[in-house]
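Reader: I've got a model open on my screen and I'd like to learn how to read it. Can you walk me through it, feature by feature?

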Amino acid sequence: MASFYVLTPPVPKDPEKDTLFIRDGYSWPAFLFPLPWLIAKKMWLVAGLAVVFYLMCVIVAEQLRLDGLPLAFSLILSLWTSLEGGHVRARMLERKGWDLRAEVAADDLEEAEEIYFSGHNSSTGVNPPPANFGSRSPLPTMALGLIGPYGDR
């Protein structure tokens with residue numbers, strides 16, 4: 001079972017169409033193609049920082065003859081993006097004014113939408129949003145996306 005963050009824009013025109021569900025967990029596309037995934041999700045700053053750090057790794061590798069450094073950075077970027085990309089995306093949207101409405105436990109996106117729109121109580125798997133998503137402690141993704149906020153894998 002996966003968990004989904006449910007976010008709405010600052011001024012939703014149509015709550016059902018404007019509501020965004022972001023899966024929090026491992027993502028194969030993010031692992032295989034981290035930079036295109038970041039760009040597709042409009043995470044420009046993170047993508048730019050990744051490129052800058054990669055270029056720095058290449059320069060350092062050439063100076064110190066550490067041939068594996070760029071490869072190691074690429075692997076670390078792939079792992080981080082695949083495990084934490086959804087969580088970081090939700091936090092970035094929240095900083096832009098989006099409202100975190102709930103965290104939903106569901107097997108897939110369609111089930112998460114059905115659960116969320118059918119009712120907002122804990123008996124249906126909808127948890128109320130945390131008081132302060134950006135700085136809550138401990139974060140549910142402290143296990144690098146391997147253990148969900150509900151203790152599931």
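Reader: Let's start with the parts list. How many helices and strands does the protein have?

Author: Keep in mind that this is a predicted model. The protein has six helices and four strands. Going along the sequence, they come in the order β-α-β-α-α-α-α-β-α-β.

Reader: And what share of the 153 residues counts as buried?

Author: That would be 39%.

Reader: Okay, helix packing. How do I describe two helices that sit against each other?

Author: Two packed helices are described by the angle between their axes and by the distance between those axes. Here, take α4 (residues 44-64) and α5 (residues 69-95): they pack at about 165°, and their axes are 11 Å apart. Angles over 145 degrees count as roughly antiparallel, so α4 and α5 are roughly antiparallel to each other. Their crossing is right-handed.

Reader: Which residues in α4 and α5 meet?

Author: From α4 you have V46, A50, F53, Y54, C57, V58, V60 and A61, and they meet L69, P70, F73, S74, L77, W80 and M92 in α5. Sorted by class, the contact of α4 with α5 has 14 nonpolar residues, one polar and no charged ones.

Reader: Where does I59 lie, and is I59 buried or exposed?

Author: I59 lies in α4. With a relative accessible area of 52%, I59 is exposed, since the cut-off for exposed is over 50%. If you want a distance to check on screen, the C-alpha atoms of I59 and L69 are separated by 9.9 Å, with the two residues 10 apart along the chain.

Reader: What about nonpolar cores?

Author: In soluble globular proteins, nonpolar side chains tend to be buried together. In this model the largest nonpolar core has 10 residues: A2, F4, V6, F21, A102, V104, A106, A112, I115 and Y116. The elements giving two or more residues to this core are β1 (2-8), β3 (99-106) and α6 (109-118). There's also a second, separate core of eight residues, with A30, L38, V46 and M92 among them.

Reader: Zooming in on F21, which residues does F21 touch?

Author: Leaving out residues up to four places away in sequence, F21 touches F4, Y5, V6, L109, A112, E113, Y116 and F117.

Reader: Now a serine. Is S82 buried or exposed?

Author: S82, which lies in helix α5, is buried at a relative accessible area of 1%. Apart from neighbours within four places in sequence, S82 is in contact with G25, Y26, S27, A30 and F31.

Note on methods. Residues are numbered from 1 along each chain as its sequence is written. This is a predicted model: local features need pLDDT of at least 70, side-chain atom pairs count only at pLDDT 80 or more; totals for chains, interfaces and linings use all residues. Side-chain values use heavy atoms; hydrogens and water are left out. Axes are lines fitted to C-alpha atoms, for helices over the stretch in contact, and angles run from 0 to 180 degrees between N-to-C directions. Angles under 35 degrees count as roughly parallel, over 145 as roughly antiparallel, 65 to 115 as roughly perpendicular and the rest as oblique. A crossing is left-handed if the near helix is turned anticlockwise from the far one by less than a right angle, and right-handed if clockwise. Contact means heavy atoms within 4.5 Å. Ala, Val, Leu, Ile, Met, Phe, Trp, Tyr, Cys and Pro count as nonpolar, Asp, Glu, Lys and Arg as charged, and the others, Gly among them, as polar. Buried means under 20% relative accessible area, exposed over 50%, partly exposed in between (1.4 Å probe, protein chains only). A nonpolar core is a set of buried Ala, Val, Leu, Ile, Met, Phe, Trp, Tyr and Cys residues joined through side-chain atoms within 4.5 Å.
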